[in-house]
Amino acid sequence: MGRNNSMACYIADMTHDDATPTATENTAATDIHGEIPPALIAKADAVLDWRWEQTPIAGHTWPLAVAADPDAMLIDACKRQDNGETGVIDPFWAATWRAASGLDQFLETQQLDGQSVLELGCGTGHAGISAALRGARVILTDGVEDPLHLVRMSSHAIADRCEIRRLRFGIDRLDQTFPIILGSDVTYLRQLWPELEQCLMDHLAPGGVVLLSDPYRIIANEFREWIGKRPWSYTEHKIEMKDDPEHPIRVMELRRG
Ligand SMILES: C[S@@+](CC[C@H](N)C(=O)[O-])C[C@H]1O[C@@H](n2cnc3c(N)ncnc32)[C@H](O)[C@@H]1O
């Protein structure tokens, strides 16, 4: 599959719309989050155009700070790479993916109150915020700094339960382990798998569980085959989605075998 085809495929999976911010959205964001510190807003403003998006999370309507135009950001990155520019990082964090909604839904079945949770590749932070709203203490991480500015705003109302850190798979290491690790749509690139697995081994507490969601991507099927040959036990969950029942979300449950 060509580079542009694969980008188109990712763009087609997005759940965001292109609505511009409205006064109602911003009022609701203040209602939930209170006054966001101007320094946080200034940092986000310096990096990208963003807006509040009312997002169903853990049974709440939660104002999530998202990129204003993720399509344009992805297409721009794609064009720059096609023109030979090196070092351009795909801004896949710029959208909130359906896999995050599926993982959010699955978390309803888990006992999270008081648990310590790590989210990898959090993007806009949907899954980690879901865990925090369900009572967990969560460290939300991404390999890219830009989305973390948005996540700091989106978790402002529950900042006592959320810590936001940069963590690159296989490179950075936190000095603690976690009984629960979450990852929504982080298996989409074959090259990432060894670093992702290293990160899981570095951070999973003994007896802990890893929950990885994806929209039944073909590449994630290959990940399932790959991880199945590694020292992990594997269980799969199918999450029916109300927004599009024909396209459920898969949650892969991994435990050290
Ligand atoms: C498809 S997006 C999913 C974002 C978010 N979890 C969601 O479901 O909306 C993949 C995420 O993985 C992050 N990522 C990619 N490579 C990474 C790496 N090597 N280390 C840490 N995060 C990485 C990206 O920045 C991006 O936020």
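**Exercise 1. Find at what angle helix H5 and helix H6 pack, and which residues make the contact.**

*Step 1.* Helix H5 (residues 98-107) and helix H6 (residues 126-133) pack at about 20°, and their axes are 8 Å apart. Here axes are lines fitted to C-alpha atoms, for helices over the stretch in contact, and angles run from 0 to 180 degrees between N-to-C directions. Helices (H or I, at least four residues) and strands (E, at least two) are DSSP runs, numbered from the N terminus.

*Step 2.* The angle therefore makes H5 roughly parallel to H6, a term for angles under 35 degrees.

*Step 3.* On the H5 side, the contact is made by Ala100, Ser101, Leu103, Asp104 and Leu107; H6 brings His126, Ala127, Ser130 and Ala131. Being in contact means C-beta atoms, placed from the backbone, within 7 Å.

A word on the source: this is a predicted model, where local features need pLDDT of at least 70, side-chain atom pairs count only at pLDDT 80 or more, and totals for chains, interfaces and linings use all residues. Residues are numbered from 1 along each chain as its sequence is written.

**Exercise 2. Work out the strand order of the open sheet and name its edge strands.**

*Step 1.* Follow the seven strands: the order is S5-S4-S3-S6-S7-S9-S8, with mixed pairing. Two strands pair if DSSP finds at least two bridges between them.

*Step 2.* S5 and S8 (232-239) each pair on one side only, which makes them the edge strands.

*Step 3.* Now look at two pairs. S4 (residues 137-142) and S5 (residues 162-166) run parallel, joined by five bridges. S7 (residues 204-214) and S9 (residues 249-256) run antiparallel, also with five bridges, and Val210 stands opposite Leu254 in S9.

Definitions and conventions:
Parallel < 35°, antiparallel > 145°, perpendicular 65-115°, else oblique. Contact = placed C-beta atoms within 7 Å.
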